[in-house]
Amino acid sequence: MKLQKETKGHGKWYDDACGTAFAMELLGERWALLVVRELMLGPRRFSDLRASLPGISAKVLTERLGSLEDAGVLARRRLPSPAPAQVYELTSWGYAAEPLIQELGRWAAMSSRHDPTLPLSAVSLMLSMRTMFDPAKAAAMSATIGFDIGGERFLARLADGELPIERGGIDAARAIIRAPAAPVVAGLLYAGVAVGALEAEGGLVIEGDRELALAFVDLFELPPRLA
């Protein structure tokens with residue numbers, strides 16, 4: 001049965017004071033949570049969001065951005081010259097949704113129906129790493145690893161069992177992992193595909209400290225299947 005918003009003067013779907021119900025009113029429409037996911041590592045242009053979410057139409061993306069802005073989850077900003085452009089970025093409250101995305105991802109990965117080989121965006125891959133890495137394994141390890149995923153660049157700075165990842169330059173990285181698309185790296189992290197096979201056939205390239213890069217890759221594991 002298709003969920004419809006009710007019209008009782010306040011526009012609520014559920015008429016329920018539970019915080020979970022309110023969260024669903026904010027993020028429960030199709031694509032809304034994935035738009036938030038794609039903004040989790042920094043501002044994006046409209047065209048960037050469409051490219052990362054190929055199944056969404058321009059109309060639906062416009063609607064979701066508008067509703068999330070009205071709710072205070074994100075804001076619009078115009079970049080200054082020499083490259084003026086309108087971008088969308090999360091508010092402080094919007095960024096606070098990352099644990100929600102992480103826990104949903106961890107919970108869903110426990111299902112036997114979860115397929116880690118399906119298409120995913122570069123941002124989704126980075127957030128999955130923040131979700132699926134093992135802090136106990138990482139506790140005694142420090143590493144600065146760069147990622148170039150189809151031209152999108154990210155820098156992971158592992159230290160003290162924490163893994164912040166930011167969008168931007170990777171020149172300072174001790175090792176760099178390059179791939180034409182995120183599923184190539186996901187195959188290395190989660191699907192048990194041999195690194196040699198991905199280098200030979202998937203376009204994977206490891207630069208710099210190869211031993212460190214492979215030790216870093218070993219820090220990630222999907223949870224056991226429960227259903």
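I began with glutamate 152, which counts as partly exposed because its relative accessibility is 22% (buried is under 20% relative accessible area, exposed over 50%, partly exposed in between, with a 1.4 Å probe and protein chains only). I noted that this is a predicted model, in which local features need pLDDT of at least 70 and side-chain atom pairs count only at pLDDT 80 or more, while totals for chains, interfaces and linings use all residues. Residues are numbered from 1 along each chain as its sequence is written, and side-chain values use heavy atoms, with hydrogens and water left out.

I then looked up the partner of glutamate 152, and found a salt bridge to arginine 44 at 3.6 Å, N to O (a side-chain nitrogen of Lys or Arg within 4 Å of a carboxyl oxygen of Asp or Glu). This pair links distant parts of the chain, with glutamate 152 in strand β5 and arginine 44 in strand β1, 108 residues apart (strands are DSSP runs of E, at least two residues, numbered from the N terminus). Arginine 44 counts as buried, because its relative accessibility is 5%.

Next I followed the network of salt bridges that links Arg37, Glu38, Arg44, Glu152 and Arg167.

Last, I turned to arginine 178, whose salt bridge with glutamate 207 has its closest N and O atoms 2.8 Å apart. Arginine 178 is partly exposed at 22%, and glutamate 207 is partly exposed at 31% relative accessibility. I recorded a count of 16 salt bridges by the rule above.

Methods:
Helix = DSSP H or I, 4+ residues; strand = E, 2+ residues; numbered from the N terminus.
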